[in-house]
Amino acid sequence: MLNASQSVLNSTAAEQYQGLLERLLFSTLTTAPCCVFLFINVTMLFTLRSKAVFRDTCRYVLLFNLLLADTLQMTLSQLLYIIAACRTRLTYPMCGVLNMLAILTNEISPLTLVVMSLERYVAVCYPLRHAAIVTIRNTSVAIALVWFSSLLNVLTRVLLLLDFPFAELDTLLMKDYCYNVAMMLGSMSDQYDKAYTCFLFVSVTVTITSSYVGVMVAARSASADKASARKARNTLLLHLVQLGLSLSSTVYIPILTVSRTLPKIVFVRIQIVFFFCIFIVPRCLSSLIYGIRDHTIRPALMYHLCCRLKLAVVRAKPDLSPLT
């Protein structure tokens, strides 16, 4: 009997040790790339505010808004992951605040891509009216509408959560770690999430696809600028790819719902892999794609990145000058 009890204790200790090693491994594999790309994104944001040509050009203002939302989303997602990896349980209000902020920033990206696609459509199809339509003021209004619509979605989710009988709970401390599925506390919240996600996916896809078709039609006309139309077409294709990556998070909750029938350790592994592939990787691509592809941004971005490295080398280099 004593040997059997000792064997069970050893097995339990071995499983706990294996779980700790897995958490450390997965935490390192997700946190290290996230920190690198956060540095690149922050540098890109600084670059887009460093020169007047970026601050006064509408498409760069829209790009700044897209990168800002991606950076905030990446930061919040990584924060929630670290909290879960440390097995820290939050209260429902704290988890709700973090999740709602993550939802807010997550909705900004596809809506900003819509505005960027419409800007390219106007530039190709209505080149003579582009300067009058696409102004800094109109761009600021469009960005404000994007944030307002996303905030309205968040407020609706909060109102649905308030219907949950929190007063009947013994404690507000969550039984599990904080993630978005854990905050689906009622059938209405789940139904609203599915309906809104479907509406967002369809409307954004239709808008960007229609812009792409319009640019393709304009490119075939004799009066169109072929080079400008080709660049706009490639940009819209890029927006479609970004949209697919951004909205890939819509399959995250259904996958988690199905995976909950699996053993918990398998469920956690699947959740970590999909978290990295769906939430972290797409948020890292915007700065790389635009930083490398855009001939105006690339020199400024490389200057700031390399300048930081040079400054670090200069500060670390000892003073070898002879004494006088």
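**Entry 1**

I started at arginine 120, which counts as buried because its relative accessibility is 18% and the cut-off is under 20%. The model I am reading is predicted. What does the side chain of arginine 120 meet in a salt bridge? I found the side chain of glutamate 119 there, at 2.8 Å from N to O. Glutamate 119 comes out at 6% relative accessibility, so I put it down as buried too.

**Entry 2: the other salt bridge**

How many salt bridges does the count give? I get two. The pair still to note is aspartate 193 with arginine 157, whose side chains meet at 3.0 Å, N to O. This pair links distant parts of the chain. I placed aspartate 193 in helix α7, residues 187–220, and arginine 157 in helix α6. The two are 36 residues apart. Buried or exposed, for aspartate 193 and arginine 157? I logged both as buried.

**Entry 3: Val158 and the surface**

I moved to valine 158, which lies in helix α6, residues 136–162. Its relative accessible area is 32%, so I call valine 158 partly exposed. The class runs between 20% and 50%, which means 32% falls inside it. Which residues make the nonpolar surface patch? I list Val158, Leu159 and Leu162. The patch covers about 290 Å².

**Entry 4: overall make-up**

I then stepped back to the whole protein. I count eleven helices and zero strands. Read along the sequence, I see the pattern α-α-α-α-α-α-α-α-α-α-α. The protein has 324 residues, and buried ones make up 41% of them.

**Entry 5: how α3 packs**

I took helix α3, residues 58–85, against helix α4, residues 92–125. Their axes come within 9 Å and cross at roughly 155°. That angle makes α3 roughly antiparallel to α4, because the class starts over 145 degrees. I noted the crossing of α3 past α4 as left-handed.

Next I set α3 against α6. The axes of α3 and α6 come within 9 Å and cross at roughly 20°. Which hand does the crossing of α3 past α6 have? I wrote down right-handed.

**Entry 6: Asn41**

I looked up asparagine 41 in helix α1, residues 2–48. Its relative accessibility is 0%, so asparagine 41 counts as buried. I checked its C-alpha against that of cysteine 284 and found a separation of 7.6 Å. Along the chain, asparagine 41 and cysteine 284 are 243 residues apart.

**Entry 7: Pro282**

Where does proline 282 lie? I found it in helix α10, residues 264–293. I class proline 282 as buried because its relative accessibility is 9%. From C-alpha to C-alpha, I read 9.9 Å between proline 282 and valine 241. In sequence, proline 282 and valine 241 are 41 residues apart.

**Entry 8: Thr207**

I have already placed aspartate 193 in helix α7. Threonine 207 has a relative accessible area of 24%, so I class it as partly exposed. How far apart are the C-alpha atoms of threonine 207 and leucine 118? I get 8.1 Å. Along the chain, threonine 207 and leucine 118 are 89 residues apart.

Key
Residues numbered from 1 in each chain as written. Predicted model: local features only at pLDDT ≥ 70, side-chain atom pairs only at ≥ 80, totals over all residues. Heavy atoms only, no water. Patch = residues over 30% accessible without salt bridge, like charges linked within 9 Å, V, L, I, M, F, W, Y side chains within 5 Å. Areas by Shrake-Rupley, 256 points an atom, 1.4 Å probe, with all protein chains shown as cover. Salt bridge = Lys/Arg side-chain N within 4 Å of Asp/Glu carboxyl O. Helix = DSSP H or I, 4+ residues; strand = E, 2+ residues; numbered from the N terminus. Buried < 20%, exposed > 50% of the residue type's maximum accessible area, 1.4 Å probe, protein only. Axes fitted to C-alpha atoms, helices over the stretch in contact; angles between N-to-C directions. Parallel < 35°, antiparallel > 145°, perpendicular 65-115°, else oblique. Left-handed = near helix turned anticlockwise from the far one by under 90°.
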